[in-house]
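Please walk me through how the secondary structure elements of this model are arranged.

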Amino acid sequence: MLKYKILILGELATNTYLLYSQDSKNCFIIDPADDSTTISDQILTLKLNPKAIVLTHGHFDHALAALELQLIFKIPLCCSSLDFFLLKNLSKTATYWLGRQIKIPNIKKIDKDLNKIKSLKLNGDNIKLIKT
């Protein structure tokens with residue numbers, strides 16, 4: 001059975017989700033907003049085992065903590081290649097929309113292209129991707 005934890009993070013109050021298997025504690029980090037410390041603390045508190053970062057889209061407020069979490073947990077980044085142009089400009093976009101200088105590395109590659117697959121598996125659970 002899958003469970004989830006919602007974290008509301010960052011200046012834009014972005015929803016970050018920890019979707020996890022109740023049995024194995026394997027999880028996906030979905031849309032990691034700009035607070036990798038809070039996200040990783042919750043993962044450790046819940047004793048979760050991250051398997052991937054999943055970006056529903058490439059807006060900066062849904063991806064600012066992605067690279068740091070990738071380094072911490074050594075997990076792949078999953079996103080549609082159609083949004084890659086946004087990920088390559090995270091710092092510039094965040095600076096523009098937040099009205100102050102944001103220095104964060106831009107994402108240079110996607111490990112799994114969600115545009116090319118129909119679902120993700122977390123343990124035995126199949127998570128259907130709905131492209132909009």
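**Helix packing and a hairpin**

Helix α1 (residues 36–45) packs with helix α2 (residues 66–73) at an angle of about 40°, their axes lying 10 Å apart. Axes are lines fitted to C-alpha atoms, for helices over the stretch in contact, and angles run from 0 to 180 degrees between N-to-C directions. The angle therefore makes α1 oblique to α2; angles under 35 degrees count as roughly parallel, over 145 as roughly antiparallel, 65 to 115 as roughly perpendicular and the rest as oblique. Helices (H or I, at least four residues) and strands (E, at least two) are DSSP runs, numbered from the N terminus.

This is a predicted model, in which local features need pLDDT of at least 70 and side-chain atom pairs count only at pLDDT 80 or more, while totals for chains, interfaces and linings use all residues. Residues are numbered from 1 along each chain as its sequence is written, and side-chain values use heavy atoms, with hydrogens and water left out.

On the α1 side, S36, I39, S40 and I43 make the contact, and on the α2 side E68, L69 and F73, where contact means heavy atoms within 4.5 Å. S40, found in helix α1, is in contact with L69 and F73 when its neighbours within four places in sequence are left aside. S40 has a relative accessible area of 10% and is therefore buried (under 20%; exposed is over 50%, partly exposed in between, with a 1.4 Å probe and protein chains only).

Turning to the strands, β1 (residues 2–9) and β2 (residues 14–21) run antiparallel and are joined by eight bridges; two strands pair if DSSP finds at least two bridges between them. I8 stands opposite N15 in β2. The hairpin of β1 and β2 has four residues between the strands, and G10 takes a positive phi near 85° there.
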